[in-house]
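Welcome! Here is a short briefing to read alongside the picture. Take a moment to look around before you go on.

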Amino acid sequence: MLRAMAKFTGTIQHNALEGGFYELHTDDGATFRLQGADKVNAGDRVVVHGKVAEGGFGIQMSGPAIEVDRIDNA
């Protein structure tokens with residue numbers, strides 16, 4: 001189940017667990033896995049537009065996921 005579209009501001013981090021994936025560490029301290037994030041780099045300050053997927057953790061177990069609609073520079 002997905003929540004309504006929202007935006008999240010923070011910094012991209014790369015997590016090497018399970019082959020590697022990108023996370024968003026938000027300005028308010030939350031951490032989200034990014035699903036569908038293309039062309040991001042660790043350290044980028046961004047605004048992520050997307051929906052939070054509810055219902056559990058993926059194999060990476062790092063936090064809830066954002067189904068990315070688009071990413072803008074912050």
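Which residue in β5 does Arg33 stand opposite? Arg33 faces Ala65 in that strand. Keep in mind that you are looking at a predicted model. The protein chain has five strands and zero helices, and along the sequence the pattern reads β-β-β-β-β.

**How the strands pair**
- Strand β5 covers residues 65–73 and pairs with β3 in the parallel sense, over three bridges.
- Strand β4 (residues 45–53) runs antiparallel to β5, and eight bridges join the two.
- Val52 stands opposite Ile66 in β5.

**The aromatic pair**
- There is one aromatic pair in the structure.
- The ring centres of Phe8 and Phe32 are 5.1 Å apart and their planes meet at 50°, so this pair is tilted.
- Phe8 belongs to strand β1 (residues 6–15) and Phe32 to strand β3 (residues 31–35), so the pair ties together parts that are 24 residues apart in sequence.
- Phe8 has 14% relative accessibility and therefore counts as buried, because the cut-off is under 20%.
- Phe32 counts as buried too, with a relative accessibility of 11%.

**The chain as a whole**
- Of the 74 residues in the protein chain, 35% are buried.
- Take the contacts between residues at least 6 apart in sequence: 56% of them join residues at least 24 apart.
- The protein chain has an accessible surface of about 4,500 Å², and 47% of that belongs to carbon and sulfur atoms.

How values were computed. Residues numbered from 1 in each chain as written. Predicted model: local features only at pLDDT ≥ 70, side-chain atom pairs only at ≥ 80, totals over all residues. Heavy atoms only, no water. Phe/Tyr/Trp six-rings, centres within 6.5 Å; stacked < 30°, edge-to-face > 60°. Helix = DSSP H or I, 4+ residues; strand = E, 2+ residues; numbered from the N terminus. Buried < 20%, exposed > 50% of the residue type's maximum accessible area, 1.4 Å probe, protein only. Pairing = 2+ DSSP bridges. Contact = heavy atoms within 4.5 Å. Areas by Shrake-Rupley, 256 points an atom, 1.4 Å probe, with all protein chains shown as cover.
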